Amino acid sequence: MRNSKKTLLIVGGGFAGMTIITQTYKQFNIILLDQKSYFEFVPSVFNAFIHPESIFDLTLQFKQSKFGVLFIQGKLTHIEDNIAYYEGGQIEFDYCAITIGSNYTNPIKSTIPKLSDRFIELKKAQLKIIESQTILIIGGGTVGIELACEIKASYKQKTVALITKGKILSTMPKSASEYAKKRMLNLGIEIQENYIGPSLDSNFDLVFNCKGNNYESVRLNNNFEMFDPKKQLLVDDYLKIRTNQNIYCAGDICISSQNETKTAFAAEMQGEIIAYNLKHPNKQIKSYWIPNTYIISLGGWKAVFVFETFTFGGFIPYLMKLFIEVVVVNDFRGIIGFNTIHQIMNYIVYVMLYIYMIMQLLFAIAPLGSKIKQDQRVELKRIQQEIEEFKKQ
């Protein structure tokens, strides 16, 4: 009997792509196209700079997928109508989800095709760290801070410096920035914020560039209207490419009207929206508010948890990140039970979001209520004064 399932092509096996796979593999014939042969839990990769063998706990091989996915290793070059072209062939699809993410400076985020070679790359990075006495981190975002803390916590005798053109964690709540900065100073990391001087590369044995993402260029129907200057793809409220309603987009490469912060969690949430819309074509849902939530490792079993404007740090956030890592990787590996735990975790985050929104609303209304009561008291006092004056007459 001929398979009546439609073909879903997923380009990129990162957080968004793997989320779509775990939730749609029963409804579609899935083809996964990726330059690499493995998924990597990038938020925890900094530990692999110190312990390279830990990379095998953070990864899964696509060919070992338990979801019945046809994996093709290659790089997408362009899409014409419903045909995707890659180096070496083409793939015809009914639906497509582009989730190729973003690039980052090696070896932080690698495009190395084989997992064994990725291990070698991390082993070389470890040896460079061991051999270097002075290490410079350029960039004060989450990547730079996590890498600096991981190195300094493991090699206390080394000189580790971080420079950034702005403030530490400038896009996050002030409390998170202050906690991270205090932790870094306690570790002995030299910090220079608002740096606009000359290059310091020659002053250090080893330099890591952690200044941000860049993106691959993907050609869709020779139409570049959906691109912004960074080569990201513009989508509508349903996370569809505006010039082809059979193509969805999620993750770092996606620009939605929500303008969400690019995190692994945000990519997962967009993947869930796309999965739902693929399974329910007649009652699709729009991309909703994705909460800004992070857990930033600060070395030595410490981390800081950020949820919108709420933050707290210490050992508990470290355990939270470790738990999330185990659940997500094992869910994507197809191990029974972990998908349910993963879904419960995401549900809890949205319960937290609703509670947060209610609290924000109450805090906004409370001053207004106090103002109304104060105005009422002033008016009542005025009326009483008028009555007293009338009695005197």
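## Pairing of strands

Two strands pair if DSSP finds at least two bridges between them. In this predicted model, strand S10 (residues 134-138) and S13 meet that condition, pairing in the parallel sense over four bridges. One of the residue pairs can be named: Ile 138 has Asn 209 in S13 as its bridge partner.

## The chain as a whole

The chain contains eight helices and 21 strands. Of its 393 residues, 48% are buried. Among the contacts with a separation of 6 or more, 64% are between residues 24 or more positions apart.

## The sheet around S10

S10 and S13 belong to an open sheet of four strands, ordered S12-S11-S10-S13, in which the pairing is parallel. At its edges lie strand S12 (190-192) and strand S13 (206-209), each of which pairs on one side only. On average, and with direction ignored, neighbouring strands of this sheet are turned by 15° against each other.

Helix H4 packs on the sheet, where it touches S10, strand S11 (159-163) and S13. The direction of H4 makes about 170° with that of S11.

## Helix H4

H4 covers residues 142-154. At 1.5 Å a residue, its 13 residues should span 18 Å, and the end C-alpha atoms are 18 Å apart, which agrees.

Is this helix enclosed or open? Eleven of the 13 residues of H4 are buried, so the helix is largely enclosed by the rest of the structure. The buried residues include Val 143, Ile 145, Leu 147 and Ile 151, and also Glu 146, Glu 150 and Lys 152.

In soluble globular proteins, nonpolar side chains tend to be buried together. The largest nonpolar core here has 92 residues, and those touching the most other members are Leu 9, Phe 49, Ile 137, Ile 145, Leu 147, Ile 151 and Phe 208. H4 gives the most to this core, with seven residues. A second, separate core has twelve residues, including Ala 266, Met 269, Phe 307 and Tyr 356.

Which residues does Leu 9 contact beyond its neighbours within four places in sequence? Leu 9 is in contact with Ile 31, Leu 33, Ala 84, Ile 91, Phe 93, Tyr 95, Cys 96 and Ala 97.

## Strands S1 and S2

Strand S1 (residues 6-11) is mostly covered, with five of its six residues buried. S1 runs parallel to strand S2 (residues 28-34), and six bridges join the two. In one of these pairings, Lys 6 has Phe 28 in S2 as its bridge partner.

S19 pairs with strand S20 (residues 303-307) in the antiparallel sense over five bridges. Within this pair, Ile 295 stands opposite Phe 305 in S20. The two strands form a hairpin with five residues between them, and Gly 299 takes a positive phi near 75° in this hairpin.

Key:
Residues are numbered from 1 along each chain as its sequence is written. This is a predicted model: local features need pLDDT of at least 70, side-chain atom pairs count only at pLDDT 80 or more; totals for chains, interfaces and linings use all residues. Side-chain values use heavy atoms; hydrogens and water are left out. The expected span of a helix is 1.5 Å times one less than its number of residues. Buried means under 20% relative accessible area, exposed over 50%, partly exposed in between (1.4 Å probe, protein chains only). Contact means heavy atoms within 4.5 Å. A nonpolar core is a set of buried Ala, Val, Leu, Ile, Met, Phe, Trp, Tyr and Cys residues joined through side-chain atoms within 4.5 Å. Axes are lines fitted to C-alpha atoms, for helices over the stretch in contact, and angles run from 0 to 180 degrees between N-to-C directions.
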